[in-house]
Amino acid sequence: MELKIYQLDAFANKQFEGNPAAVCPLDQWIDDTLMQKIAAENNLSETAFFVENNGIFHIRWFTPNREVSLCGHATLASAYVIFTYLDYKHPRIEFICQSGKLFVSKHNHLLSMDFPSEPHTPCMIPNELAQAFDSRPVSCFFNQDNFLIFSSEEQILNAQPDMTLLSTIDCRGICISAPSHEYDFVSRFFAPRFGINEDPVTGSSFTALAPYWSEQLNKTSLHARQVSARGGDVQLQCSGKLVTISGFVKHYMTGTLFID
């Protein structure tokens with residue numbers, strides 16, 4: 001069996017920036033175990049697989065060690081492949097995934113995803129999380145991830161968390177964020193339990209970060225940067241129950257998988 005594969009940098013203004021993702025278009029679903037093996041072999045934060053059915057794209061995402069229910073940057077990368085290489089003529093793509101329906105539209109070279117807005121209910125700062133960072137966060141909220149809010153951008157840039165402690169936290173990942181001098185806010189994201197110590201740019205985290213900072217800053221249009229080593233810019237629009245997450249994608253590689 002031969003499968004087409006693309007590797008792209010999402011939320012990137014140039015190659016070797018943003019978050020790399022692999023994308024495998026499929027004619028029909030292959031075995032879950034095989035998809036997981038392919039994702040492990042790719043060793044990227046996510047590999048996306050999708051199958052088209054009557055103009056709608058059913059999509060799934062795998063980290064190197066498990067499937068996840070939502071992934072922003074690999075959705076953006078998948079949309080780029082569909083718009084650019086699959087002769088898709090419509091201005092908007094409809095995806096169906098474990099989390100429901102997702103839509104991606106194209107505006108010149110900018111791709112925009114409409115994701116459901118996630119609640120940001122304040123919670124106590126877990127002791128293990130507080131101990132994992134040198135600086136003390138000022139607040140915390142939780143949905144599928146733990147979000148720690150710090151007072152300064154410098155604390156985010158200089159954070160060197162204890163990954164052993166973070167790997168004991170029962171959640172998908174830990175996001176840290178603070179207001180920024182150049183952007184509205186900055187963030188970083190750690191997911192050691194999913195085989196990703198630090199994710200370069202985590203699109204799904206902005207479904208919670210955007211409404212939080214929209215409320216804090218009293219504005220609906222936001223410009224953010226995830227300040228990982230690679231880094232990536234994200235444009236955000238909050239409108240009711242939706243967050244529109246926008247960014248650019250750079251194509252890095254096209255190849256063929258040969259499966260025995």
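Reader: How many aromatic pairs in this one?
Author: The count is 15. Rings of Phe, Tyr and Trp (its six-membered ring) pair if their centres lie within 6.5 Å; planes under 30 degrees apart are stacked, over 60 edge-to-face, the rest tilted. The model is predicted: local features need pLDDT of at least 70, side-chain atom pairs pLDDT 80 or more, while totals for chains, interfaces and linings use all residues. Numbering runs from 1 along each chain as its sequence is written, and side-chain values use heavy atoms, without hydrogens and water.

Reader: Phenylalanine 141 and phenylalanine 147: what geometry?
Author: Their planes are at 5° and their centres 4.7 Å apart, so the pair is stacked.

Reader: Is phenylalanine 141 buried or exposed?
Author: Buried, at 2% relative accessibility. Phenylalanine 147 is buried too, at 1%. The cut-offs are under 20% relative accessible area for buried, over 50% for exposed, partly exposed in between (1.4 Å probe, protein chains only).

Reader: What about phenylalanine 185 and phenylalanine 206?
Author: That pair is tilted, with 6.1 Å between centres and 40° between planes. Phenylalanine 185 is in strand 13 and phenylalanine 206 in helix 6, so the pair ties together parts 21 residues apart in sequence. Helices (H or I, at least four residues) and strands (E, at least two) are DSSP runs numbered from the N terminus.

Reader: Which residues do ring pairs link into a cluster?
Author: Phe141, Phe147, Phe185, Phe206, Tyr212 and Trp213.

Reader: New topic. Which ring does arginine 92 lie over?
Author: Phenylalanine 103, at 4.0 Å from the ring centre. The rule: NZ of Lys or CZ of Arg within 6 Å of the ring centre and within 35 degrees of the ring normal.
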